[in-house]
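Please keep the sequence and the coordinates in view while reading.

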Amino acid sequence: MLKFLHNKLSFRIPQVVYHPPYRVTPITHPRICEPTGVWYFLMEELPGVTLESVIDTMTVDELNHVADQLSEIMAEMRQFTSTTVGSVTGGPFRNTFFPWPFEPESSWSSAEEFISYYRDLLSEFCAPDYVEELLECLPRDASIHLVHSDLYPRNILVNGSTITS
């Protein structure tokens with residue numbers, strides 16, 4: 001995602017300096033967690049401190065300033081559209097709430113297909129009425145836009161109340 005967005009948005013995002021290739025370890029047993037892939041990558045250091053480290057000391061006006069900037073950033077990201085629901089690479093997205101063996105194997109061609117996948121998955125664990133109630137508010141014909149899948153204060157850098165990255 002960082003590589004995809006670098007120099008495409010008006011706000012600063014860190015440039016990836018190095019990302020080793022993924023290492024795939026075959027799963028030998030579903031109950032045994034074996035490390036797979038790469039657990040690190042290097043990116044440029046950008047100015048600021050995490051919002052998480054200062055959020056409790058900020059005034060209401062400072063928090064509103066951060067919220068206004070986040071709103072603008074999300075609107076800018078939303079301008080990127082896609083024909084599939086998944087990763088910017090075209091593959092499936094990773095959802096840590098549904099680990100193996102429930103990870104999707106590919107992206108979805110529509111919001112309806114995405115919802116159907118999760119309906120089937122949730123039906124394995126939840127009552128049908130609950131699943132329908134949970135999913136009924138999701139639009140079936142929604143257009144697909146870029147979103148930040150890990151938007152937490154620890155991933156936002158600020159200087160005072162100005163977002164720096």
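In this predicted model, Asn159 stands opposite Thr162 of strand S7. The two strands concerned, S6 (residues 157-159) and S7, run antiparallel and are joined by two bridges. They belong to an open sheet of three strands, ordered S3-S6-S7, with antiparallel pairing. Strand S3 (49-50) and strand S7 (162-163) stand at the edges; each has a single partner strand, so one side of each is left without a neighbour in the sheet.

The sheet may now be placed within the chain. Five helices and seven strands make up the secondary structure, and along the sequence they follow the pattern α-β-β-β-α-α-β-α-α-β-β-β. Of the contacts between residues at least 6 apart in sequence, 59% join residues at least 24 apart.

The interior comes next. Of the 165 residues in the chain, 25% are buried. In soluble globular proteins, nonpolar side chains tend to be buried together. Here the largest nonpolar core has 13 residues, and those with the most contacts inside it are Leu5, Leu51, Val66, Met77, Ile156 and Ile163. Helix H3 (residues 60-78) gives the most to this core, contributing four residues. Met77 touches Leu5, Leu9, Phe11, Leu146, Val147 and His148, when residues up to four places away in sequence are not counted. Apart from this core lies another, of five residues, including Val85, Trp108, Leu121 and Ile144.

Leaving aside neighbours within four places in sequence, Arg119 is in contact with Glu112, Val131, Glu132, Leu135 and Arg140.

The chain exposes about 12000 Å², of which carbon and sulfur atoms supply 56%. Val17, Tyr18, Tyr40 and Leu42 form a nonpolar patch on this surface, and together they have about 440 Å² of accessible area. Tyr18 counts as partly exposed because its relative accessibility is 42%, a value in between the limits of 20% for buried and 50% for exposed residues.

Technical notes
Residues are numbered from 1 along each chain as its sequence is written. This is a predicted model: local features need pLDDT of at least 70, side-chain atom pairs count only at pLDDT 80 or more; totals for chains, interfaces and linings use all residues. Side-chain values use heavy atoms; hydrogens and water are left out. Patches are made of residues with over 30% relative accessible area and no salt bridge: like charges are joined within 9 Å, nonpolar side chains (Val, Leu, Ile, Met, Phe, Trp, Tyr) within 5 Å. Accessible areas come from the Shrake-Rupley method with a 1.4 Å probe; for residues, only the protein chains shown count as cover. A salt bridge is a side-chain nitrogen of Lys or Arg within 4 Å of a carboxyl oxygen of Asp or Glu. Buried means under 20% relative accessible area, exposed over 50%, partly exposed in between (1.4 Å probe, protein chains only). A nonpolar core is a set of buried Ala, Val, Leu, Ile, Met, Phe, Trp, Tyr and Cys residues joined through side-chain atoms within 4.5 Å. Contact means heavy atoms within 4.5 Å. Two strands pair if DSSP finds at least two bridges between them.
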